Amino acid sequence: MPNVTFDDFAQIEIRAGNVVRTEPFPKARKPAYKLWIDFGGEIGIKQSSAQITDRYTLADLEGRQVVAVTNFPPRQIANFISEVLVLGTVLEDGSVSLLKPDHEVPVGTRVW
């Protein structure tokens, strides 16, 4: 991958939010969930499609703090508009382990 400058990185808005609602997403091509994430303030609640069904149940996710890119353009996935990209690490088996702050932080806190 090419190197990026700090100015490039600074254009990506990554924030902490709390998952406030979850639903199965049977219309997605790959197994996924629909998430509604509260980022507080002017960002508010945004929705995301996340392919995280291998490691998480819907119950695991509600109330969980996550980290997401909040300034990508919305993307249509089947009949759902995904507004943010929830971040995680892809493991060797293809499953995703979500990233989260080490301690609870206020919703909307920017990640650097």
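## Strands and the model

Helices (H or I, at least four residues) and strands (E, at least two) are DSSP runs, numbered from the N terminus. Ser 49, for example, lies in strand S3.

The structure is a predicted model: local features need pLDDT of at least 70, side-chain atom pairs count only at pLDDT 80 or more, and totals for chains, interfaces and linings use all residues. Residues are numbered from 1 along each chain as its sequence is written, and side-chain values use heavy atoms, with hydrogens and water left out.

## The annotated span

An unreviewed UniProt entry carries the annotation "domain: TRNA-binding" for residues 8-112. UniProt positions are given in the numbering used here, feature names are shortened, and annotations may be inferred rather than shown by experiment. Residues 8-112 are 7% helix and 40% strand, and the end C-alpha atoms of the span lie 13 Å apart.

## Pairing of strand S1

Two strands pair if DSSP finds at least two bridges between them. Strand S1 (residues 14-24) runs antiparallel to strand S4 (residues 65-69), joined by five bridges. Within this pairing, Asn 18 has Gln 65 of S4 as its bridge partner.

S1 also pairs with strand S2 (residues 33-38), again in the antiparallel sense, over six bridges. Here the bridge partner of Arg 21 is Trp 36 in S2.

## Nonpolar cores

A nonpolar core is a set of buried Ala, Val, Leu, Ile, Met, Phe, Trp, Tyr and Cys residues joined through side-chain atoms within 4.5 Å. Buried means under 20% relative accessible area, exposed over 50%, and partly exposed in between (1.4 Å probe, protein chains only). The largest core has 16 residues, of which Leu 35, Ile 37, Ile 52, Leu 61, Val 86 and Leu 98 touch the most other members. S2, S4 and strand S9 (96-98) each supply at least two residues of this core, and S2 gives the most, with three.

Contact means heavy atoms within 4.5 Å. Not counting residues up to four places away in sequence, Val 86 touches Leu 35, Ile 37, Ser 48, Val 66, Val 67, Ala 68 and Leu 98.

Ser 49 counts as buried because its relative accessibility is 16%. Its contacts, leaving out residues up to four places away in sequence, are Phe 25, Ala 32, Tyr 33, Ile 77, Phe 80 and Ser 82.

Thr 57 sits in the loop between strand S3 (45-50) and helix H2 (58-61). With a relative accessible area of 41%, Thr 57 is partly exposed. Thr 57 and Thr 22 are 35 residues apart in sequence and 9.5 Å apart in space, C-alpha to C-alpha.
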